[in-house]
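Subject: Structure handover

Hello,

Here is the structure for you to look over. My notes follow below it.

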Amino acid sequence: MKTIIEPFKIKSVEQILFTTKKQRTQILKDADYNPFRITAEDVLIDLLTDSGTSAMSSRQWAGMMQGDESYAGSPSFFHFEQSVKDVMGFPIVIPTHQGRAAEKILFTILGGKGKYFISNTLFDTTRANIEFSGAEGIDCLCEEGKHPTIPAPFKGNMDVDALKKVIREEGASVIPMVILTVTNNSGGGQPVSMQNIREVSTVCKENKIPFFIDACRFAENSYCIKLREEGYAHKSVPEIAAEMFSYADGCTMSAKKDAFANIGGFLAMRDLDLALRCRNLLIITEGFTTYGGLAGRDLEAIAIGLKEVMDEHYLQYRIRSIEYLTNKLIEAGVPVMQPAGGHAVYIDAKEFLKHIPVEQYPGQALVCALYTEGGIRSVEIGSLMFGKYDNGGKLIPSQMELVRLAIPRRVYTQSHIDYVAEVIIEVFEKRESIKGLKIIEETPLLRHFTAKLSLV
Ligand code: F0G
């Protein structure tokens, strides 16, 4: 097989500003060992997130110029609405400014004290919006999904028996919704199989519980089904996506991922009554029903991106890039989550930095080392992000200490990825010299964004 090439030509470029290791050591110190506090210009390769960081196509930019900015009834809205209907098949489409705005609306309406939302794994903002309403979120991830280094094709699947057990114990009347996150971001970007989607849908129908999909990375999930699930190799990605959504009652979407947009999101559904309530709240918080907090030009970019993302040459390059980086790291003995996920590589920092105790945040220590060594920005998904304190002020660590390297869509080429692998392997070879960190300042909520740390 020949080299899989980037399926695009580059028309416009952004300059990367180079820094030396000495400069980066100072920059990191000035940012109190928290790369969220660094200006993006001081980053060489930014793998903080794949959200809102895509390179748009010339077609999307052309569409932006045609965006109609009418407050009500903009043709850009109808273009957007049609595109969502074509791809997902839901008859009702409600635009929002990003994914969490869709979540806020949905869970404000359906949530509240005494209610339970069940998922494979709820993403942080989804869980936060559920909890903010007073309800609780319950993750029922399949067993394979809980072991980072043991490969399996669909580690994002829901444990259907666990789902049934929660329904039996709590009662369907207090479960307003079941949500499948595809791919499962917090669980390593792992896909969910069609069979699992079908089974979850059946259980929900039997119990009259609405079933939604958190569809941020629906195209990556569809392509993984094509590659890994029996009976789907000859189906097209649009056919697979349509089948996935046919089992659901609706979806929430962040268009900042699999729609190649820099901003945007939506809610889509079949239930008219729920839609009416969502639209009422939308008007109060986001804007009128035909723009929902977005400019007409953003709606155009989403309408076009949603279809472009299903191009199989693109998806082959996308999934292969993540796998390429993952495999290079595995060959060098670096402990990573396996198999490769759809949008990111996850390093097991607890294994990588065995000499740093969890109280000294090994994930964040690795994030800092990757920045200093090679100017790469990544994010800790471990005890800095999820850790809590007990009554005595002792850290209750997160279950895993991961570092996520999320790959923006259509932004970096193979040589950038090769460089990333070289830096990680170099850091791995001298891992013993890396020091742990302690927190010197933090906020009670979402502390990882702003926390200040220092070297132990
Ligand atoms: N659901 C999932 C699975 C996500 O990954 C995200 C965002 C959201 C919902 C919320 O969407 O950002 O548009 O409000 N994930 C980003 C990330 C932030 O870096 O993984 P949003």
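How many bridges join β3 to β4, and do they run parallel or antiparallel? Four bridges join the two strands, and they run parallel. Please keep in mind that this is a predicted model.

**The seven-stranded sheet**

β3 and β4 belong to an open sheet of seven strands, in the order β2-β8-β7-β6-β5-β3-β4. The pairing in this sheet is mixed. β2 (92-96) and β4 (136-139) are the edge strands. Each has a single partner strand, so one side of each has no neighbour in the sheet. On average, neighbouring strands here are turned by 20° against each other, direction ignored.

Now the pairings, one at a time. Strand β5 (residues 177-181) pairs with strand β6 (residues 211-214) in the parallel sense, over four bridges. Val178 stands opposite Phe211 in β6. β6 and β7 also pair in the parallel sense, over three bridges. Phe212 stands opposite Gly250 in β7. The pairing of β7 with strand β8 (residues 265-269) is antiparallel, with five bridges. There, Gly250 stands opposite Met269 in β8.

Next, burial. In a regular strand, side chains alternate between the two faces of the sheet. In β3, Tyr116 and Ile118 point one way. Phe117 and Ser119 point the other way, and all four are buried. Strand β7 (residues 250-254) is mostly covered, with five of its five residues buried. Gly250, Thr252 and Ser254 lie on one side of β7, and Cys251 and Met253 on the other. Both faces of β7 are covered.

**Helices on this sheet**

Which strands does helix α5 lie across? Helix α5 (residues 124-132) lies across β3 (116-119), β4, β5 and β6. The helix runs at about 140° to β4. α6 packs on the sheet as well, touching β3, β4 and β5. The direction of α6 makes about 170° with that of β3.

**The α6-α7 pair**

Two packed helices are described by the angle between their axes and the distance between the axes. Helix α6 (residues 160-170) packs with helix α7 (residues 194-206) at an angle of about 15°, and the axes are 10 Å apart. Angles under 35 degrees count as roughly parallel, so α6 is roughly parallel to α7. The crossing of α6 past α7 is right-handed.

Which residues meet? From α6, they are Val160, Leu163, Lys164 and Ile167. From α7, they are Asn196, Glu199, Val200 and Val203. The residues of this contact divide into five nonpolar, one polar and two charged.

**The three-stranded sheet**

A second open sheet has three strands, in the order β9-β14-β11. Its pairing is antiparallel. β9 (344-348) and β11 (379-381) stand at the edges. Each has a single partner strand, so one side of each is left without a neighbour in the sheet. Neighbouring strands here are turned by 30° against each other on average, direction ignored.

β11 pairs with strand β14 (residues 402-406) in the antiparallel sense, over three bridges. Leu402 in β14 is the bridge partner of Ile381. Helix α14 (residues 362-374) lies across β9, β11 and β14. The helix runs at about 40° to β14.

Is Leu47 buried or exposed? Its relative accessibility is 1%, and buried means under 20%, so Leu47 counts as buried. Leu47 sits in the loop between β1 (45-46) and α2 (58-65). Setting aside residues up to four places away in sequence, Leu47 touches a list of residues that includes Ile376, Arg377, Ser378, Arg404, Leu405 and Ala406. Ile407, Pro408, Tyr412 and Val420 are also among its contacts. Leu47 and Gln364 are 317 residues apart in sequence, but 14 Å apart in space, C-alpha to C-alpha.

Ser74 is in the loop between α2 and α3 (75-88). Its relative accessible area is 2%, so Ser74 is buried too. Apart from neighbours within four places in sequence, Ser74 is in contact with Asp68 and Thr290.

Best wishes

Methods: Residues are numbered from 1 along each chain as its sequence is written. This is a predicted model: local features need pLDDT of at least 70, side-chain atom pairs count only at pLDDT 80 or more; totals for chains, interfaces and linings use all residues. Side-chain values use heavy atoms; hydrogens and water are left out. Axes are lines fitted to C-alpha atoms, for helices over the stretch in contact, and angles run from 0 to 180 degrees between N-to-C directions. Angles under 35 degrees count as roughly parallel, over 145 as roughly antiparallel, 65 to 115 as roughly perpendicular and the rest as oblique. A crossing is left-handed if the near helix is turned anticlockwise from the far one by less than a right angle, and right-handed if clockwise. Contact means heavy atoms within 4.5 Å. Ala, Val, Leu, Ile, Met, Phe, Trp, Tyr, Cys and Pro count as nonpolar, Asp, Glu, Lys and Arg as charged, and the others, Gly among them, as polar. Two strands pair if DSSP finds at least two bridges between them. Buried means under 20% relative accessible area, exposed over 50%, partly exposed in between (1.4 Å probe, protein chains only).
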